[in-house]
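Dear colleague,

Please find the structure below, with the sequence alongside. A summary of the findings follows.

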Amino acid sequence: MESQKKNTKQNTVIEKLLCSFNQNEIFVKREDLLPFSFGGNKARKAKKFFDYIIKNKYEIVATYGSSSSNHCRVVANLAFKYGIECYIVSPEEEYKETSNSKMIELFGAKIIKAPLDKIKETIDCLMEKLTKNKKAYFIQGGGHGNLGTEAYVEVYNEILDYEKENKVKFDYIFLASGTGTTQAGLACGAILNGEDSEKIIGISIARKNPRGKAVVEESIKDYLESISYNSKVPSVIFDDSYICGGYGKYNDQIVGIIKEVISKEGMPLNTIYTGKAFWGMREYLQKHKIIGKRVLFINTGGTPLFFDDLKEIK
Ligand SMILES: *Cc1c(COP(=O)(O)O)cnc(C)c1O
């Protein structure tokens, strides 16, 4: 029984980095080391969606994402693994070949490119066609939705287990926040355990406020309602100070941090998500004069993007 239970757990390691910053100890939860398809938060979320898809005998899966999307890579990979037909809708304006887009092709997913302002109708039209005589499931971009949120409620519980076992308590948890589903899951985990969700700091990698923050709070509300849990939704910290002009944009300091962290710590980061958030975390600690605390950074993955960056950065 016990060993069966353990098999369904994904539990990634938490390690302490050599580097500290303003006497803050930095720990990392290595979600990038989840075993399937280079791991990351998208592997964690997609597993939940595929458990549902397989249980309910869907024959087709469709989703949305850019050519650098980790989510689309993982979904295409799982679809191939389970013999489920896969469609990826992608904005044509930004389409470029990346390690992820190459893998998506390798896994035989059908890629449908559409202009950004026609994405919604393209998806609606596709789903109407696909559901005519087969069971087709649409996963929102980034694995957004309650199943994705649930995946990170479980991660919060893993963090609590680590804290208990090692008799430590993290003062802050930082992560790269995009759709905010990962952050919402962690916040729900905190709420359900009676802890302070405001120690979770989402560093926005693209979205601006007030929308970015509102979407996270909406996801928290949706999830808590879905499990009939009555609680006020606390205000979340979704900091849009470090987006560097938008999705995929970065600066020299981010490149510097990526080089430093792979060299000193052996841990890959990337310019789109984790490198930007790691830089944002350092800036945040500095700006808010946070000193001598225990800080947990969630490495949300995107290892194929690290190799794309490696070709570009000097
Ligand atoms: C998608 C992604 C994120 C953002 O996750 P959300 O749940 O959408 O906020 C962070 N890091 C990596 C590597 C990602 O691929």
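Two residues are said to be in contact when they have heavy atoms within 4.5 Å. Among such contacts in the protein chain between residues at least 6 apart in sequence, 75% join residues at least 24 apart.

This is a predicted model, in which local features need pLDDT of at least 70 and side-chain atom pairs count only at pLDDT 80 or more, while totals for chains, interfaces and linings use all residues. Residues are numbered from 1 along each chain as its sequence is written, and side-chain values use heavy atoms, with hydrogens and water left out.

The protein chain contains eleven helices and ten strands (DSSP runs of H or I, at least four residues, and of E, at least two, numbered from the N terminus). Of its 314 residues, 53% are buried, that is, under 20% relative accessible area with a 1.4 Å probe, protein chains only.

Leaving aside neighbours within four places in sequence, the contacts of L269 include I257, V261, F278, F297 and F306.

Yours sincerely

Methods:
Buried means under 20% relative accessible area, exposed over 50%, partly exposed in between (1.4 Å probe, protein chains only).
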